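These are my notebook entries on one protein structure. I record below what I looked up, topic by topic.

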Amino acid sequence: MIMQYIKHPSCIILAVSPANADLANSDALQLARLADPDGSRTIGVITKLDIMDRGTDARNFLLGNVIPLKFGYVGVVNRSQEDINFNRSVQDALAFEEKFFSTLPAYNGLAHCCGVPQLAKKLNMILLKHITNMLPGLKTRINAQLVAVAKEHAAYGDTVESAAGQGVQLLNILRKYCEVSAFSSMVEGKNRVSTDKLSGGARVHYIFQSIFVKSLEEIDPCKSITDDDVRTTIQNSGGPKGAMFLPEVPFEILVRKQIGRLLDPSLQCAQFIYDELIKISHGCLITELQKFPVLKKRMSEVVCSFLRDGLRPAETMITHIIEMEMDYINTSHPSFVGGTKVVELAKHEVLPPKTSTSLSGHKDGTIVGSEIQLTAERSQKSRAVFARDATRRATSEQASMEAGTSLTGGSQIRNSQVGGNSSSKLPSIIPLKEPPITLKPSETEQDATEVAIVKELIKSYYDIVRKSIEDAIPKAVMHFLVNHTKRDLHNFLIRKLYRENLLNELMRETDEVLIRRQRIQEMLEILKQAHRTLEEFPIEADNIEKGYNLTEHATGLSKIHGVSGDSTNGIYTSSPNCYPPHQASHMVL
């Protein structure tokens, strides 16, 4: 059991061994060697010097020639059982001890390590030196613990049982949660600013700028629109007559489709902000609400309900913003690129670079134009001839088919041919192909230019709408969700939670909290007492450094607090009943 005390590095070991026994086999020194292998904090005490065999002495023990120790040995002569039985005083015992060491020649020159006063002096000097070394760090640790425990005690507060006190406590918690140090401060970045990661309002700003805006800027409005889609829309908008010029309807249809694609990311942005506000609410007043689990749960439910109610008008406003952009296409916007400028941009993209042959051909425009016209006329004539030949072949084939299917009609045709009147013929029937179920528009050079013009118009107007959405959506979310929560959450919590019939349930503390508060109070009192003791210690240390007055204290020690000068005999008793009762607290240096 003694090992649990002497194993601490700050403990001074007093190894007591009798002088009439073999010092090498001393149990005290063996235990001290286990706890202090280098002997840096062990003091040897040699007792029973007065009952050693004649012709022997403990000089070698006291000089450390047998088992050396850093602090050496001290020899003492204690009172015998007979002295105790005859109530021999401590003063008489010390006088006898002094006479014993002064009369024996073996102990000449060893006055510094002989006698109880020298042992007390050495122990006090060692203890004083040890305390002096340990005192600054000990004061620092106790002060730090005192501040931490006092802070925790203030967080737990006192137990409140009255309804009025519970109501005041609840209102203070709600006020701190919403205004002073929790939700609003975390959103605005004025409290508990983290240095290792983004939190609170900084995450809201990151969602707006680095996620929402950046995602919209990366969208290509014409990526999902093919040339066939634009060409089909252009030809469909012309109706049965066809359009002589490029109509506005294809542009409006296609740009509305692209504007509608902005609705989903805008709603997702609002949902992301809602999730961030939920996280912020969970991180508010964790210590204060930990004492009241029912209140914490109810507040979480009320805050989530309030945020959901704020999310709905935000989503409605976002939908209205997108629908407004789709309902009215403002081609008069000053940033919209239209008219001749967009035609030039489209031609620049569609037309290939001019070759040297075409450049030389423009030198003589008349010859080139006449050649082109002549070539066109020849091609038209050839096509006409080809059409006529095809008609003739189709007619002859149709006649032969009718001859093979109708015998009467065939004999009449042959008789008429035999009669010599070959100029009379039956009218020819030209069959038409049925239109396919799915028709694809034909592609011409003019169509390519029109497709390019429509895409340029879409890009120009989409950029205008995108910039407007990037500015309007964050404003809508901040107004209907974030700022609305900062303004009205406090009043909403009071309406839902501050009710007389709910106070006892909401403000009920758990058994763990009650036990923890009691322990913290006890620890706080112990630390305060230790702090006061350390503040008084330098005065006692100065008294110890002044030396020892054997006339005032027979043992050479300073006066012990709580023990009168007449009760020195009680110091030597081994009964634990002689000590006054004390609190169950101690301080290890």
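How many helices and strands are there in the protein? I found 21 helices and three strands, where helices (H or I, at least four residues) and strands (E, at least two) are DSSP runs numbered from the N terminus.

I noted that this is a predicted model, in which local features need pLDDT of at least 70 and side-chain atom pairs count only at pLDDT 80 or more, while totals for chains, interfaces and linings use all residues. Residues are numbered from 1 along each chain as its sequence is written, and side-chain values use heavy atoms, with hydrogens and water left out.

Entry on the whole chain. I looked up burial and found that 31% of the 589 residues count as buried. Buried means under 20% relative accessible area, exposed means over 50%, and partly exposed lies in between (1.4 Å probe, protein chains only). I then looked up contacts, meaning heavy atoms within 4.5 Å. Of the contacts with a separation of 6 or more, 82% join residues 24 or more positions apart.

Entry on the cores. A nonpolar core is a set of buried Ala, Val, Leu, Ile, Met, Phe, Trp, Tyr and Cys residues joined through side-chain atoms within 4.5 Å. The largest one has 70 residues, and among those with the most contacts inside it are Tyr 177, Ile 273 and Leu 277. Helix 19 (residues 445–497) supplies the largest share of this core, 20 residues. I also recorded a second, separate core of 20 residues, which includes Leu 49, Ile 67, Phe 100 and Leu 110.

Entry on helix 9 and helix 12. At what angle do helix 9 (residues 201–217) and helix 12 (residues 263–282) pack? The angle is about 165 degrees, and the axes are 10 Å apart. Axes are lines fitted to C-alpha atoms, for helices over the stretch in contact, and angles run from 0 to 180 degrees between N-to-C directions. Helix 9 is therefore roughly antiparallel to helix 12, a term for angles over 145 degrees. The contact includes Ile 207 and Phe 208 in helix 9, and Phe 272 and Ile 273 in helix 12. Its residues divide into ten nonpolar, one polar and three charged. Here Ala, Val, Leu, Ile, Met, Phe, Trp, Tyr, Cys and Pro count as nonpolar, Asp, Glu, Lys and Arg as charged, and the others, Gly among them, as polar.

Entry on helix 12 and helix 14. Helix 12 also packs with helix 14 (residues 293–327), at an angle of about 160 degrees and with the axes 10 Å apart. This pair, too, is roughly antiparallel. Among the residues that meet are Leu 277 in helix 12 and Leu 311 in helix 14. I counted twelve nonpolar, six polar and two charged residues in this contact.

Entry on positive phi values. Most residues other than glycine have a negative phi. Lys 48, however, has a phi near 60 degrees. Lys 48 is found in the loop between strand 2 (42–47) and helix 3 (59–63), and is partly exposed at 42%. Asn 87 has a positive phi of about 55 degrees. Asn 87 lies in the loop between helix 4 (81–85) and helix 5 (90–103). Is Asn 87 buried or exposed? Asn 87 is exposed, with a relative accessible area of 67%.

Entry on Val 160. I located Val 160 in the loop between helix 6 (116–156) and helix 7 (163–180). Val 160 is partly exposed because its relative accessibility is 29%. Not counting residues up to four places away in sequence, Val 160 touches Gly 165, Gln 166 and Gln 169. The C-alpha atoms of Val 160 and Met 507 are separated by 8.8 Å, although the two residues are 347 apart along the chain.

Technical notes: Parallel < 35°, antiparallel > 145°, perpendicular 65-115°, else oblique.
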